[in-house]
Amino acid sequence: MKKTILVTGGTGFIGSHTTVELQEAGYDVVIIDNLSNSNANVIDGIEKITGIRPAFEKVDCCDMEALEGVFQKYPGIEGIIHFAASKAVGESVQKPLLYYRNNINSLVNLLELMPKYDVKGIIFSSSCTVYGQPSKENLPVTEKAPIQKALSPYGNTKQINEEIIYDYIHSGAPIKSIVLRYFNPIGAHPSALIGELPLGVPMNLIPFVTQTAIGVREQLKVFGNDYDTPDGTCIRDYIYVVDLAKAHVKAMQRVLDNDDCQPIEYFNIGTGKGVSTLEVVQGFEKATGVKLNWTFAPRREGDIEKVWGNVDHANKVLGWKADTPLDEVLATAWKWQKKLREDGIM
């Protein structure tokens, strides 16, 4: 009998790709999303890719009554992958209470319901932001690197949520959790049926790159060219969203089926390689043959200079590796942008 997984925020960028990989791995999926930063049409794309339409409920995880109604409607949920959260760093600085309310209450509600409905495990969507700017001796950053003071309310909610999960399990709660600390997810499904579709002006580099390339944005600004890096621009660990989605399947299998899994475990999810902003811009031009209109701009407040992950732990314990070449990943992002144009969306 198929195991049922609840995916919160499942119509979002990472959630939709993870739903595809879960279904292709043989799981039944129930998606809940309040559609505050996504569109229900994504369900159509998931169905076209997999041939299976996941169950969908428009529910806000902060609404305890509605959330419990999902567990009652779909008995037998064995695992949760929790993506649902407000995620724009800049907005979190402007609206901190919104971020604390959404991101913390939603997790607390889920944790409270898990023992009541015999849910065994939860995969938590965390972030490398918990490491802040690692010192040189801590690069590439491992899971044992010190957690540093968050640079934004968004980052702080990730740290607080990690602590909440730890404290709840430490109290004796009969659940397990794997915390995945992502680096920078990019790209789109190779079918171009799902991808990243930010509302308004993109906060992330790749959607801004593709929107500039197709003419939605006039010019791409590269923030800062005087950092202590080889070409002066920020360095990040860019991971293909499909590779990231597959890591969630491996984590869920470990939580549900592996007796060696500890009550709480942490994994960095990245490529293990640092790539500069300038290298991404030049790589996109090379991968697509499209010349970008871009310029340097002053540094942006809150940007970390350089961070990339040591992912040996995930490679060894989860049996997972991100190995899609960057040029292929960038090509999928461009294919998705062109599909949006064909469909009259952007």
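Modeller: With residue classes: Ala, Val, Leu, Ile, Met, Phe, Trp, Tyr, Cys and Pro count as nonpolar, Asp, Glu, Lys and Arg as charged, and the others, Gly among them, as polar. Sorted that way, the lining of the second largest cavity has 4 nonpolar, 5 polar and 1 charged residues. Bear in mind that this is a predicted model: local features need pLDDT of at least 70 and side-chain atom pairs count only at pLDDT 80 or more, while totals for chains, interfaces and linings use all residues. Residues are numbered from 1 along each chain as its sequence is written, and side-chain values use heavy atoms, with hydrogens and water left out.

Colleague: And which residues line the second largest cavity?

Modeller: Idea first: on a 1 Å grid over the protein atoms alone, a cavity is a set of points where a 1.4 Å probe fits but cannot get out; a pocket is an open set with protein on both sides within 12 Å along at least five of seven lines; and lining residues have an atom within 4 Å of a point. Points are joined across faces, edges and corners, and a volume is the space filled by probe spheres set on them. Here the lining is H82, F83, A84, A85, N103, F124, S125, T157, K158 and N161, around about 40 Å³ of space. Helix α6 gives the most, with 3 residues. Helices (H or I, at least four residues) and strands (E, at least two) are DSSP runs, numbered from the N terminus.

Colleague: How many cavities of 30 Å³ or more are there, and how much space lies in the largest cavity?

Modeller: The count comes to 2, and the largest holds about 80 Å³. It has 13 lining residues, with E196, P207, T210, A333 and W336 nearest its centre. Helices α7 (205-214) and α11 are the elements that give two or more residues to that lining. By class it splits into 8 nonpolar, 4 polar and 1 charged.

Colleague: What about an open site: which residues are closest to the centre of the second largest pocket?

Modeller: Y238, T271, K273, T324 and L326, out of 14 lining residues. The second largest pocket has about 220 Å³ of space. Strand β10 gives the most to the lining, with 3 residues, and the lining comprises 8 nonpolar, 2 polar and 4 charged residues.

Colleague: Now the sheet. What is the strand order?

Modeller: Two strands pair if DSSP finds at least two bridges between them. In this model 7 strands make an open sheet in the order β3-β2-β1-β4-β5-β6-β11, with parallel pairing. At the edges sit β3 (55-58) and β11 (264-269), each pairing on one side only. The twist averages 20° from one strand to the next; axes are lines fitted to C-alpha atoms, for helices over the stretch in contact, and angles run from 0 to 180 degrees between N-to-C directions. Strand β6 (residues 176-182) is joined to β11 by 6 bridges, with L180 opposite F267.

Colleague: Which strands does helix α3 lie across?

Modeller: α3 (residues 64-73) lies across β1 (4-8), β2 (28-33), β3 and β4 (77-82), at about 165° to β2. Helix α6 (residues 153-170) covers β5 (121-127), β6 and β11, at about 155° to β5.

Colleague: Is T4 buried or exposed?

Modeller: Buried means under 20% relative accessible area, exposed over 50%, partly exposed in between (1.4 Å probe, protein chains only). T4 counts as buried because its relative accessibility is 15%. Beyond neighbours within four places in sequence, T4 is in contact (heavy atoms within 4.5 Å) with D28, V30, G76, I77, E78 and G79.

T4 belongs to strand β1. In a regular strand, side chains alternate between the two faces of the sheet. Both faces of β1 are covered: T4, L6 and T8 are buried on one side, I5 and V7 on the other. Five-residue β1 is joined to β2 by 5 bridges, where L6 stands opposite V30.
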